[in-house]
Amino acid sequence: MREKGKREDGRQKLVLNWRGIGHHARVMHVISRKRLREFCKAHADSCEALYDWYDTANQANWQNLIEVQQIYPKAEAVNNFTVFNIKGNRYRLITDIQYLKQLIYVKYILTHAEYDKEQWKNDPYY
């Protein structure tokens with residue numbers, strides 16, 4: 001059972017209430033945290049926002065983009081990817097979300113300028 005609350009920045013906060021959820025309930029698994037850590041090394045100001053996203057996504061059991069947007073209203077589908085604005089749109093987190101498998105693949109983390117060059121659209125999955 002999910003309960004909603006507000007974060008300090010106004011976004012919806014996802015809180016999982018484990019009472020009443022069967023032991024077979026699945027939550028998202030983010031692959032891979034390593035990419036987030038590597039990006040943080042080069043862009044230290046992104047760390048808090050990326051780890052906040054990671055913690056939130058890792059607790060979610062999103063079934064579709066509409067549920068993602070309840071927490072991240074500016075998340076958008078761009079072809080086969082879901083794109084998140086990170087740190088006030090300074091960075092873009094590009095993911096492949098497999099809702100049925102409850103998996104999120106971190107494909108790219110880019111500065112806004114890198115995102116605008118659209119080289120990430122050369123990905124064969126795009």
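## Terms and basis

A residue counts as buried under 20% relative accessible area, as exposed over 50%, and as partly exposed in between (1.4 Å probe, protein chains only). A salt bridge is a side-chain nitrogen of Lys or Arg within 4 Å of a carboxyl oxygen of Asp or Glu. Helices (H or I, at least four residues) and strands (E, at least two) are DSSP runs, numbered from the N terminus.

The model is predicted, with local features requiring pLDDT of at least 70 and side-chain atom pairs counted only at pLDDT 80 or more, while totals for chains, interfaces and linings use all residues. Residues are numbered from 1 along each chain as its sequence is written, and side-chain values use heavy atoms, with hydrogens and water left out.

## Salt bridges

Side chains of opposite charge can pair when their charged atoms come close. The count for this model is four salt bridges.

## The pair in helix α1

Lys-34 is partly exposed, at 48% relative accessibility, and Glu-38 is likewise partly exposed, at 43%. The two form a salt bridge in which the closest N and O atoms are 3.9 Å apart. Because they stand four residues apart in helix α1 (residues 33-42), about one helical turn separates Glu-38 from Lys-34.

Asp-123 and Lys-107 join their side chains in a salt bridge of 3.6 Å, N to O. Lys-107 belongs to strand β7 (residues 103-111) and Asp-123 to the segment after α4 (112-116), so this pair ties together parts 16 residues apart in sequence. Asp-123 is buried, at 12% relative accessibility, whereas Lys-107 is partly exposed, at 24%.

Glu-118 and Lys-121 form another salt bridge, with 3.2 Å between the closest N and O atoms. Lys-121 is partly exposed at 26% relative accessibility, and Glu-118 is partly exposed at 42%.
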